[in-house]
Amino acid sequence: MGAFILLTVLTAFRVLSRNRLRAGLTMLGIIIGVGAVIAMVSIGEGAKAAVRAQVASMGTNVIIILPGTTTVGGVRGGQGGAVTLTVADALDLKKKIPLLTETAWAKRDVMQIVYGNKNWNGPVNGVSPGYLTIRDWSYTSGGPITQADLDTAARVALIGQTVVENLYEVGEEPVGSTIRIKNVSFKVVGVLAPKGQSAQGSDQDDILFIPFTTAERKVLGTQFLGSVGALFAATDRPEDLPEAVTAVREVLRARHRLQPDQPDDFTIRTQVDIGRVQEGTGQTLTLMMFAVASISLLVGGIGIMNILLVSVTERTREIGVRMAVGAKRRHILIQFLIEAMTLSLFGGVLGIVFGILGARATTVVAGWPTIISVRSILVAFLFSLAVGLFFGLYPANKAARLNPIEALRYE
Amino acid sequence: MGALIVCTDLWKIYRLGDVEVQALRGVSLEIERGEFVAVIGASGSGKSTLMNILGCLDTPTRGRYWLDGQDVGSMGSDALAEIRNREIGFIFQNFNLIPRTSASENVQLPLFYRGASLREQRTLAAAALARVGLAGREHHYPAQLSGGQQQRVAIARALVSFPAILLADEPTGNLDTESSRDIMVTLARLNREDGLTVMVVTHEADIAAYAAREIVVKDGQIVSDRRKAPVHARGG
């Protein structure tokens with residue numbers, strides 16, 4: 001049987017190469033379909049990976065807790081409208097939940113930052129030192145805000161790349177210089193390494209950090225000491241997040257003395273949630289592209305079926321001869337199935353090549369990240385094989401069911 | 001061991017709409033090994049139907065048929081294909097070579113379906129082509145060969161699997177006189193020298209003359225069956 005298959009494959013190649021134009025046109029549907037699948041999936045995967053990288057850059061093991069809403073006399077405030085979270089909450093969470101490796105707190109506002117004769121409006125963040133660890137910031141020069149800075153409400157600042165670009169001359173070293181915010185002077189102690197765009201598209205490098213205590217007392221002001229804009233907590237491993245989230249909710253509800261029928265006065269979010277939304281959008285896009293490509297493959301399959309039916313008719317006498325010298329029905333069936341699969345596989349391989357080239361071209365021309373996954377190539381390959389098998393079955397069966405006498409007599 | 005071909009009371013009835021066509025009406029026949037038989041009859045006499053049944057391409061509506069001791073009258077299509085592959089060599093009026101396929105590969109076809117190794121296929125095909133005088137033409141395509149040569153390739157294809165019987169359906173119908181004589185001489189030689197059983201279906205008396213037994217079919221029945229001296233096949 002092995003020799004039979006091998007020789008039948010060779011025969012199929014010869015039959016198809018006899019009529020190259022016809023074979024090429026027949027394969028076109030498969031080529032376009034597979035090429036589209038490969039290219040689209042690689043664009044989709046590239047986008048997904050980019051989102052994933054951004055989420056990772058913000059920490060996949062991070063829990064963000066935002067103050068909740070308040071309802072005062074029927075008027076509902078927006079998210080963060082209430083000041084319900086405090087530094088004490090953060091410290092208590094750390095103490096009561098062993099899963100949390102770190103908790104931190106922050107508050108922010110956009111303010112004018114002045115250096116020399118230049119100024120820039122950027123987000124000023126009062127943070128606890130743990131925040132820098134949780135968010136995994138690193139420094140191109142200088143170092144972090146320390147616990148001592150927090151305790152003494154030191155006037156020190158960390159600045160991001162965008163702030164540096166807007167306030168300093170090229171080549172000028174910011175560390176050691178003095179900037180002013182709301183007429184309070186700060187010594188720059190560190191420059192943050194760039195992080196690029198966030199998953200939401202905002203510039204993560206347009207940022208300035210000062211100690212939380214300094215911020216609430218001298219710059220941002222506060223409703224009461226210890227109220228925070230947001231709490232942050234981190235676990236050692238991303239897998240521990242769900243458990244940690246549950247624990248955080250319990251502790252906070254207890255601390256805020258919420259009755260079981262009262263809703264949370266805070267909102268817990270994780271980077272995984274945020275990333276999932278973005279990935280979901282990408283997934284929908286990929287699925288749609290996949291649907292379009294599948295239709296193209298379907299059309300390609302019908303093309304193969306059509307040309308095979310023509311071929312069976314053209315070669316009726318040949319089929320008769322093969323039967324007369326001892327070909328069984330299954331021999332004829334396999335012969336035409338192999339021809340169909342040769343067409344679809346060849347089209348599939350060409351499609352994969354064009355798909356990869358298309359993805360590369362997209363990266364070069366449009367600058368989109370693309371990832372050619374082995375899985376999509378494998379799937380495309382198997383899919384084109386299946387298309388050949390499926391659409392070859394009808395013509396092959398038709399050939400195998402011919403009556404040898406009538407086939408031999410066919411003119 | 002009995003005769004190579006034994007058939008008793010073969011009937012073949014077709015239905016064309018409401019009309020019932022009786023192509024064969026009770027044919028009984030025995031053919032011994034090594035015979036050279038000619039079946040003669042006008043078109044529509046039933047001789048092609050008879051040959052299709054004897055060649056296991058078709059099955060009788062009624063009656064029994066033993067080929068080489070096997071009851072093939074009631075076999076299924078796969079079993080019949082197997083019998084055709086091993087016991088029967090066909091030669092057709094229009095040669096029926098597969099186009100754009102070399103002489104050797106055409107000859108290899110029965111071996112291919114038997115599952116022979118490629119080397120065995122090539123060796124046997126070359127030997128069969130040599131037996132019909134086409135040594136060295138293995139790689140010619142049908143289009144590069146004359147009609148007579150094409151028919152000899154067909155004979156080689158029929159021979160290659162060492163069949164029990166060679167069935168030739170109007171083998172000279174598409175050939176000129178010279179090539180016709182050539183083909184018949186070849187068939188006669190194979191019959192004489194190798195003891196191959198040959199059955200030729202024809203409507204031409206001078207073709208039937210090469211055979212040692214002449215069966216005349218008319219209206220689906222054998223009307224005459226006689227042994228005679230064949231014409232001397234010179235140059236064979």
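This is a predicted model: local features need pLDDT of at least 70, side-chain atom pairs count only at pLDDT 80 or more; totals for chains, interfaces and linings use all residues.
**Entry 1: a residue in helix α3 of chain B**

I call a residue buried if 20 or more other C-beta atoms lie within 10 Å of its own. Is B:Leu111 buried or exposed? I found 24 other C-beta atoms within 10 Å, so B:Leu111 is buried. B:Leu111 lies in helix α3 of chain B, which covers residues 103-114.

Next I looked up its contacts, leaving aside neighbours within four places in sequence. B:Leu111 is in contact with B:Ala116, B:Glu120, B:Gln121, B:Leu124, B:Val160 and B:Ser161. I then checked B:Val160: 49 residues separate it from B:Leu111 along the chain, yet their C-alpha atoms are 7.7 Å apart.

**Entry 2: chain B as a whole**

I stepped back to take in the chain. Chain B has seven helices and ten strands. Its C-alpha atoms fill a box of roughly 50 × 40 × 40 Å along the principal axes. I compared its radius of gyration with the globule rule: a compact globule of 236 residues would come near 18 Å, and chain B has 17 Å, so the two agree. Buried residues make up 48% of the 236 residues. I also looked at contacts between residues at least 6 apart in sequence, and 68% of them join residues at least 24 apart.

For confidence, I noted that chain B averages a pLDDT of 92, with 97% of the residues scoring at least 70. For the complex, the predictor gives an ipTM of 0.94 and a pTM of 0.72.

**Entry 3: strands β3, β9 and β10 of chain B**

I followed β9(B), residues 213-218, to its partners. Strand β3 of chain B (residues 36-40) runs parallel to β9(B), and four bridges join them. Here B:Ile40 stands opposite B:Val216. Strand β10 of chain B (residues 221-227) runs antiparallel to β9(B), with six bridges between them. In this pairing B:Arg213 stands opposite B:Arg227. The hairpin of β9(B) and β10(B) has two residues between the strands, and I noted that B:Asp219 takes a positive phi near 50° there.

**Entry 4: the nonpolar cores**

Which residues have the most contacts inside the largest nonpolar core? I found B:Val39, B:Ala156 and B:Met199, in a core of 126 residues. Helix α2 of chain A (residues 20-58) gives the most to this core, with 16 residues. Apart from it lies another core, of 51 residues, which includes A:Tyr115, A:Leu167, A:Leu220 and A:Ala244.

Not counting residues up to four places away in sequence, B:Met199 touches B:Ile31, B:Val37, B:Val39, B:Ile165, B:Leu166, B:Leu167 and B:Ala168.

**Entry 5: where the chains meet**

How many residues does each chain give to the contact? I noted 20 residues from chain A and 23 residues from chain B. On the side of chain A, the elements giving two or more residues are α1 (2-18), α10 (316-324), α11 (329-366) and α13 (404-409). The largest share, six residues, comes from α10(A). I sorted that side by residue type: twelve nonpolar, two polar and six charged.

Finally I looked at helix α2 of chain B, residues 77-87, whose buried residues are B:Leu80, B:Ala81, B:Ile83, B:Arg84, B:Asn85 and B:Glu87. What do the buried residues of α2(B) pack against? I found α10 of chain A, together with β4 (62-67), β6 (88-91), α3 and β7 (165-169) of chain B.

Note on methods:
Residues are numbered from 1 along each chain as its sequence is written. Chains are lettered from A and ligands numbered from 1 in the order in which they are written. Two residues are in contact if their C-beta atoms, placed from the backbone, lie within 7 Å. Ala, Val, Leu, Ile, Met, Phe, Trp, Tyr, Cys and Pro count as nonpolar, Asp, Glu, Lys and Arg as charged, and the others, Gly among them, as polar. A residue is buried if 20 or more other C-beta atoms lie within 10 Å of its own, exposed if 12 or fewer, and partly exposed in between; C-beta atoms are placed from the backbone. A nonpolar core is a set of buried Ala, Val, Leu, Ile, Met, Phe, Trp, Tyr and Cys residues joined through C-beta atoms within 7 Å. pLDDT is the predictor's confidence in each residue, from 0 to 100. The radius of gyration is taken over C-alpha atoms; the globule rule is 2.2 Å times the number of residues to the power 0.38. Two strands pair if DSSP finds at least two bridges between them.
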